[in-house]
Amino acid sequence: MSLLKPFSKLPGLNTANILLVESEEQFQQSLADALVEETSVTVNVRLAKSLPLPMENDESRPRIDLVVFIINLTSELSFQSAEASLKYLDPGYFLGKVCFMVTNARNASSPAERLDAVRKLASSLHCPLLFAEDQTPDGVASATERLLTILKVAAGLVPIATALYVSNLTRCTLPLDIDLPSFD
Amino acid sequence: MDNTAKRLLQRLVRRIPSQMLKTTLDKWSRLTAAQRQSMDYTESKWALTEKLLAICEENELTVKHIAELEMIRKSSEVTYYYHILYDAHSVELTQFKEQFKSHLSELIRHVSIKIKKHTDEAVWIRIAWGDTFSRPNHLKPTYVVHYLQTPYVFLTSPTSKQKPLLSQALVLSTRYQAIKDANLSGRKLTAIRDLLMKQYLQVFPTKFPSPLAERNCVVSNLHIEKEQAGSAANRHQMACEAFGDGILPQLQSAVYKLETKFRDHTNKTMTERDEPFKCVVKFASTNLLESLRHSASSGVASTPVTPLLSSVPLKGKNYFVITDNGPGPSSQMKPSQK
């Protein structure tokens, strides 16, 4: 099985590499354009629709510091594709190098059960869960900022902080009443 | 001017959007220059209608003339159905006009026919139907569009009584053997015509789609890289092969009538029934072909594109009846005869 491994390659100098996985391939493009504009660090962005990644790119691919799964809450396909891609990641990634980003959480057509399912998934894997708004440039900018904060830590560019340490603080936790029906 | 003419004119003016009114009236050329100048297009529609009625009274225009105006304003609010003619002999325009008028008048009395040839080789026929006892009803006309050198005829809103008469008149006047409903309908005449005559960018299967990769590099940023660009390009190529490239003709719906056996392992009661499970699946969209192409190239519909979807542009139909076909490959497609 072609697992993506976190520490099998050497890191680059002052470089951070991020992999955005999104089944719909829309938000990842605007996020990528905003991410590469960061000046203090060289950010390389890899875009994918799902895992596993093609073997032909194995040689040229740099060491991936952070894997972000972008899930559109209005689409069941999006959630299932992200879930299916998880098994192609080496377990070493789940020590602070994986993050879930969710869009359209406020949309009326996204069922609450799907958000609960994503929450349960993220908390069982000890990963942070970020909410993003993808339609406006402001939304994209704020999502980019939050991703960059986590990315810099995951790439080892922030002194004293490591990915595992930060993930203990940022990981998704389930509210105690998640299994009770909500009143909307 | 009699009542029918007045009502027709009022309805027409109401339906034409204000911006188009001036150009349409100019094209009509039944008003003199002075009359055209006196129309003030900034007034309300009601005032314009009154003005126009007065002018038409002055010119003593009849229903026939108003019908011309309607023809100029091709109505895009109706659905066009398209029919195929078989076994042609080529027919010339004036001959066709005379024959059609005489045949239809023989079949049904009191029918008002108006034939006009447009610059793009299309013959437009406007028919107002009446019967032995009543005058032709100009408020519910049928339009027929025929491209003379092709076997295609497009009709709007035919009723079951008028269709056989119309078909017979058409067959006789064009000297074809038969006419058949070809299961394609849509709201835009230009769209279904373009679909049939394949007037959109076709993409042909090729082993090496992009030979000059060095020249065609469209890299947005060196730091951004797509991992699965190869398979994305493959899907896009297959989607374009099935549906075409660029701007596609606007179809509004595709209807599949299924008469196949129910197949679902989790539902034993339905699967055990012998008779086929009848259901109708309808895809509707503002631009159906564009949505189908996008669903194939983004991976929602699996590629290579299933023949169920790719037959829409390939065969030029959007009504299919699907039946099981014995022990052989199930769910083959059979065109239905309506």
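# Salt bridges, cavities and buried residues in a predicted model

Good morning. A search of the whole structure finds 10 salt bridges over all chains. The structure on the screen is a predicted model, and I shall treat every value as computed from that model. Let me begin with the general idea behind these pairs. Side chains of opposite charge can pair when their charged atoms come close.

Which side chain does A:Lys152 meet in a salt bridge? The partner is A:Glu38, with a distance of 3.3 Å from N to O. Please find both residues in the model. A:Lys152 lies in helix α4 of chain A, whereas A:Glu38 lies in the loop between α1 (27–35) and β2 (42–48), so the pair ties together parts that are 114 residues apart in sequence.

Another pair in chain A consists of A:Arg63 and A:Asp65, whose closest N and O atoms are 3.6 Å apart. Are these two residues buried or exposed? A:Arg63 is buried, with a relative accessible area of 13%. A:Asp65 also counts as buried, at 3% relative accessibility. Both values fall under the 20% cut-off for a buried residue.

B:Arg193 forms a salt bridge with B:Asp194, and here the closest N and O atoms are 3.5 Å apart. B:Arg193 is buried, with a relative accessible area of 17%. There is also a network: A:Arg46, A:Asp58, A:Arg61, B:Glu225 and B:Glu227 are joined into one by salt bridges that share partners. As the chain letters show, this network includes residues of chain A and residues of chain B.

I now turn to empty space. Rolling a probe the size of a water molecule over the atoms shows where empty space is left. How many cavities of 30 Å³ or more does a search of the whole structure find? The search finds two.

The largest cavity has a volume of about 40 Å³. Its lining is formed by A:Gly96, A:Pro128, A:Ile150, A:Val153, A:Ala154, A:Ala163, A:Val166, A:Ser167 and A:Thr170. The elements that give two or more residues to this lining are α4 (137–154) and α5 (163–170) of chain A. Of the elements, α5(A) gives the most, with four residues.

Among the residues that line it are A:Val21, A:Glu22, A:Lys49, A:Phe69 and A:Ile70. In chain A, β1 (15–22), β3 (66–72) and α2 (76–85) each supply at least two residues of this lining, and α2(A) gives the most, with three.

Leaving aside residues up to four places away in sequence, A:Gln28 touches A:Leu20, A:Val21, A:Glu22, A:Leu47, A:Ala48 and A:Ile70. Of these contacts, A:Val21, A:Glu22 and A:Ile70 also line the second largest cavity.

A further buried residue in chain A is A:Leu89. It lies in the loop between α2 and β4 (98–103) and counts as buried at 4% relative accessibility. Its contacts, again without residues up to four places away in sequence, are A:Leu3, A:Leu4, A:Leu51, A:Val67, A:Phe69, A:Phe94 and A:Val98. A:Leu89 and A:Ser8 are 81 residues apart in sequence and 13 Å apart in space, C-alpha to C-alpha.

Finally, let us look at a helix in chain B. Helix α9 covers residues 229–243 and has 15 residues. From its first C-alpha to its last it reaches 21 Å, close to the 21 Å expected at 1.5 Å a residue. Which residues of α9(B) are buried? They are B:Arg235, B:Gln237, B:Ala239, B:Cys240 and B:Phe243. The buried residues of α9(B) pack against α11 (288–297) and α12 (307–316) of chain B. Just after α9(B), B:Gly244 takes a positive phi of about 100°.

Thank you for your attention.

Technical notes:
Residues numbered from 1 in each chain as written. Chains lettered and ligands numbered in written order. Predicted model: local features only at pLDDT ≥ 70, side-chain atom pairs only at ≥ 80, totals over all residues. Heavy atoms only, no water. 1 Å grid on protein atoms, 1.4 Å probe; cavity = no way out; pocket = protein on both sides within 12 Å on 5 of 7 lines; lining within 4 Å. Points joined across faces, edges and corners; volume = space filled by probe spheres on them. Salt bridge = Lys/Arg side-chain N within 4 Å of Asp/Glu carboxyl O. Buried < 20%, exposed > 50% of the residue type's maximum accessible area, 1.4 Å probe, protein only. Contact = heavy atoms within 4.5 Å. Expected span 1.5 Å × (residues − 1).
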